[in-house]
Amino acid sequence: MEFFNKVGKMAIGSRLRMLTETMVEDAARIYKLYDIDFQPKWFPVFYVLQDGGEFTITSIAREIGHSHPSVSKIIAEMVKSGFVTEKKDKTDGRRNMVSLSAKGIEVGKKIQDQYADVTNAVEELLAQANHDLWKAIEEWEYLLEQKSLLRRVQAHQKIRESNKVHIVPYEPQYTQAFKALNEEWISKYFVMEEADYKALDNADSYIINNDGHILVALYNNEPVGVCALLKMNDPDYDYELAKMAVSPKAQGKNIGFLLGQAIIEKAKALGADKLYLESNTILKPAISLYHKLGFVKIAGRPSPYERANIQMELELK
């Protein structure tokens, strides 16, 4: 226990596994105590079959929450030990039907005293404990079903990594990064178009000198993300959010969202009322990001890009 006190909660998996191993070892001894030649891992399947009748492996797996291969393996072991019989379904020869054998039925009668004694022993443990482990397990299972431990760790990783990201205004030293980051994603999914070359080959004259703005995301002082505000001569929109790109090696650090938030705040500071953007629906992460930033889909506007098949807008006031 000293090790777990030292390591802390990040060793929860190892500690639960140790507790499980202790319980399984005791369970094996308990079966021997009642003179039953039985493996603890068989219990969920055996308990379902005790209801009588025939079951498919799929229905058993669904009932106990195990995978089909796992149940199939357990059934094979139980058949070999004589507890279970397996035969083809009369109405569907592709399915195997499983039921208790005569030996299994006999053990089912014999095991009732063990069930009663184990239940009482567990109830005694729960009564002696300060915390109800049974209810805690049920609560953890529910919480992990809503959001797995993996997803929770990923969220905290994203928060920690995002603290290393700094959004800075464009400077001439970032010209090459602005072009390279955009060329990378455009060439991956589409082909570069004339409008791309205008913006990427002439960032200063095409964007900055036309009252536009570019923000750069730095991660460990390396430019890994960019996003631009293009000034629009349009009665409905003040700026177009364009040329957002994040390096694949820096994805998963919330950089796109941080860039989007920063560019929106820049537009607000400039007094903009409404932003416009164009994209393509095959870019699902990007579309999801725009929705997260508050953009909504619109239709009916012409585009200089052949690849654009969705237009979106964001009300700022």
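1. Helices (H or I, at least four residues) and strands (E, at least two residues) are DSSP runs, numbered from the N terminus. The structure is a predicted model, in which local features need pLDDT of at least 70 and side-chain atom pairs count only at pLDDT 80 or more, while totals for chains, interfaces and linings use all residues. Residues are numbered from 1 along each chain as its sequence is written, and side-chain values use heavy atoms, with hydrogens and water left out.

2. The second largest pocket has a volume of about 1,000 Å³. A pocket here is found on a 1 Å grid over the protein atoms alone, as an open set of points where a 1.4 Å probe fits, with protein on both sides within 12 Å along at least five of seven lines; lining residues have an atom within 4 Å of a point. Grid points are joined across faces, edges and corners, and a volume is the space filled by probe spheres set on the points. Helix H10 (175–189), strand E7 (239–246), H13, strand E8 (274–279) and H14 each supply at least two residues of the lining of this second largest pocket.

3. The lining of the second largest pocket comprises 38 residues, and Val246, Gln251, Pro285, Ala286 and Leu289 lie nearest the centre. By class, this lining has 21 nonpolar, 7 polar and 10 charged residues. In this scheme Ala, Val, Leu, Ile, Met, Phe, Trp, Tyr, Cys and Pro count as nonpolar, Asp, Glu, Lys and Arg as charged, and the others, Gly among them, as polar.

4. The largest pocket has a volume of about 2,300 Å³. Its lining has 43 residues, with Met23, Val122, Leu133, Trp134 and Ile137 nearest the centre. Helices H2 (12–33), H3 (43–49), H4 (57–64), H7 (112–128), H8 (133–146) and H9 (149–162) each supply at least two lining residues. The largest share, 11 residues, comes from H2. The lining of the largest pocket divides into 31 nonpolar, 5 polar and 7 charged residues.

5. The axes of H13 (residues 255–269) and H14 (residues 284–293) come within 10 Å and cross at roughly 45°. H13 is therefore oblique to H14. Axes are lines fitted to C-alpha atoms, for helices over the stretch in contact, and angles run from 0 to 180 degrees between N-to-C directions. Angles under 35 degrees count as roughly parallel, over 145 as roughly antiparallel, 65 to 115 as roughly perpendicular and the rest as oblique.

6. Which residues join H13 to H14? Gly256, Phe257, Gly260, Gln261 and Ile264 in H13 meet Leu289, Lys292 and Leu293 in H14, where contact means heavy atoms within 4.5 Å. These contact residues are 4 nonpolar, 3 polar and 1 charged.

7. H10 and H11 (residues 194–201) pack at about 160°, with axes 9 Å apart. H10 is therefore roughly antiparallel to H11. Phe178, Lys179, Asn182, Glu183 and Ile186 of H10 contact Asp196, Tyr197, Ala199, Leu200 and Asp201 of H11. The contact has 5 nonpolar, 1 polar and 4 charged residues.

8. H4 and H5 (residues 68–80) pack at an angle of about 115°, with their axes 9 Å apart. H4 is therefore roughly perpendicular to H5. Ile57, Thr58, Ile60, Ala61 and Ile64 of H4 contact His68, Val71, Ser72 and Ile75 of H5. This contact has 6 nonpolar, 3 polar and no charged residues.
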